[in-house]
Amino acid sequence: MKFLHVADLHLDSPLRTQAARDSAMGESLRAASRRVLARLVDAAVTEGVDAVLFAGDTFDSEVADVASRAALATELSRLARAGIPAVLIQGNHDALLDLDRYGPVSDALTVLTPDAPTFRVGEASVHGMGFTATHMAESLLPRYPRPDPGRWNIGLMHTSLDGARGHDPYAPCALADLVGHGFDYWALGHIHKRAVHEAEGSLVVMPGIPQGRSIRETEGGSATLVEIDLQGVRARELPLELLRFARVPVDFAGVADQGGRDARLRAALEAVAEGYVMIAARLDATGSPAELGDPRMLEAQAREAADAVAGVFVDRVRPRPAARAIDADAADDLAKLMRADAATPGFHDEVQAQLEELRAALPAEIRDVLGEDRLDELIEAGVETMTLRLGTGRTDQ
């Protein structure tokens with residue numbers, strides 16, 4: 001039997017990248033998550049899967065707009081015409097979403113709940129249950145059914161697993177407990193980085209986010225094709241992403257003029273180009289102040305260089321002038337700690353709350369300057385500024 005496993009589509013969540021301001025890229029990325037969903041259905045039909053498994057956070061919030069719902073209904077109708085059912089659980093982002101607010105989404109869709117946790121298709125039983133609150137601190141595993149005897153058993157779960165680094169503990173569950181439950185395959189969701197755990201007679205997969213949304217999400221970009229037969233369980237990545245975010249180091253050591261900088265920029269951008277996916281590149285430019293030149297000129301040169309490399313766009317250029325730190329090792333360790341802390345959802349939520357307080361104090365006509373869509377950019381800029389200050393031994397700028 002064959003299944004297609006996807007998680008964390010976050011339908012209509014915006015892509016946070018300055019590269020999208022480029023007219024060519026901006027048009028291509030309009031409604032990117034919906035286009036990724038369409039690619040998912042294309043793959044399901046092409047592969048002839050027995051079911052598509054949605055492991056939570058299909059929507060980005062409990063207030064999904066009509067367009068997002070319509071997009072899902074349209075794609076599920078395509079699955080229905082191909083005779084492919086869809087099985088869905090709700091995650092922490094869409095836990096409170098009323099999927100049937102405008103009527104049933106599709107005859108092809110089954111939503112697993114604590115009251116109805118099992119869906120049977122062919123020789124397989126899919127077991128699962130979604131979030132009933134935006135934050136569930138306890139493991140859901142004790143509430144899952146035991147395996148159906150004589151059938152292939154698949155578990156569908158939204159979880160931070162063993163308390164993944166950088167993620168709040170949403171429905172945490174030990175890997176050993178999942179394996180010990182007796183299912184053949186665990187289709188997980190929530191962590192946006194792909195991970196595959198193999199154990200004797202069982203496979204546990206976190207597929208990662210199918211479309212990254214900012215420079216903080218440089219991994220993922222796929223769904224997982226699962227095959228189960230008498231020879232065991234196998235999983236294979238299927239690329240879906242339209243755009244990949246990449247951090248690109250550019251060393252300008254020894255460069256004496258603008259022509260030299262242009263050559264280094266073009267070489268770095270060509271090295272990350274892919275034939276099948278667009279790249280939004282965050283350039284980390286290192287060198288002396290003289291080698292880097294004026295920051296505005298450097299960014300302009302980077303965008304010119306990207307115009308000559310098909311499919312590559314510049315998200316941002318971050319000059320990192322070489323400087324002697326008061327204590328280089330200590331400064332580097334502290335910078336790493338700041339970046340790790342800034343990557344956690346808890347930090348993100350706290351900054352968002354403070355941002356809302358600041359917005360409330362601003363005149364209405366300039367309130368959008370601190371819009372929520374700029375939150376990741378503001379966090380990144382703040383961490384970068386403090387890192388540069390540490391590197392030069394300055395804290396008074």
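Asp-162 sits in the loop that runs between strand S7 (152-158) and helix H4 (175-180). Helices here are DSSP runs of H or I with at least four residues, strands are runs of E with at least two, and both are numbered from the N terminus. The model is a predicted one, where local features need pLDDT of at least 70 and side-chain atom pairs count only at pLDDT 80 or more, while totals for chains, interfaces and linings use all residues. Residues are numbered from 1 along each chain as its sequence is written, and side-chain values use heavy atoms, with hydrogens and water left out.

Setting aside neighbours within four places in sequence, Asp-162 is in contact (heavy atoms within 4.5 Å) with Cys-173, Ala-174 and Leu-175.

Next come the helix pairs. Helix H2 (residues 32-47) and helix H3 (residues 66-81) have axes that come within 10 Å and cross at roughly 10°; axes are lines fitted to C-alpha atoms over the stretch in contact, and angles run from 0 to 180 degrees between N-to-C directions. That makes H2 roughly parallel to H3, a label for angles under 35 degrees, with over 145 being roughly antiparallel, 65 to 115 roughly perpendicular and the rest oblique. On the H2 side, Arg-34, Leu-37, Ala-38, Val-41, Asp-42 and Ala-44 make the contact, and on the H3 side Ala-67, Ala-71, Leu-72, Glu-75, Arg-78 and Leu-79 do. Eight of these residues are nonpolar, none polar and four charged; Ala, Val, Leu, Ile, Met, Phe, Trp, Tyr, Cys and Pro count as nonpolar, Asp, Glu, Lys and Arg as charged, and the others, Gly among them, as polar.

Helix H5 (residues 258-272) packs against helix H7 (residues 295-307) at about 50°, with the axes 9 Å apart, so H5 and H7 are oblique to each other. From H5, Gln-258, Arg-261, Asp-262, Leu-265, Arg-266 and Leu-269 meet Met-297, Leu-298, Gln-301, Ala-302, Ala-305 and Ala-306 from H7. This contact has seven nonpolar, two polar and three charged residues.

A cavity is a set of points on a 1 Å grid over the protein atoms alone where a 1.4 Å probe fits but cannot get out, and lining residues have an atom within 4 Å of a point. Points are joined across faces, edges and corners, and a volume is the space filled by probe spheres set on them. The largest cavity holds about 40 Å³, and its lining includes His-10, Ser-33 and Arg-213.

Terms used. On a 1 Å grid over the protein atoms alone, a cavity is a set of points where a 1.4 Å probe fits but cannot get out, and a pocket is an open set with protein on both sides within 12 Å along at least five of seven lines; lining residues have an atom within 4 Å of a point.
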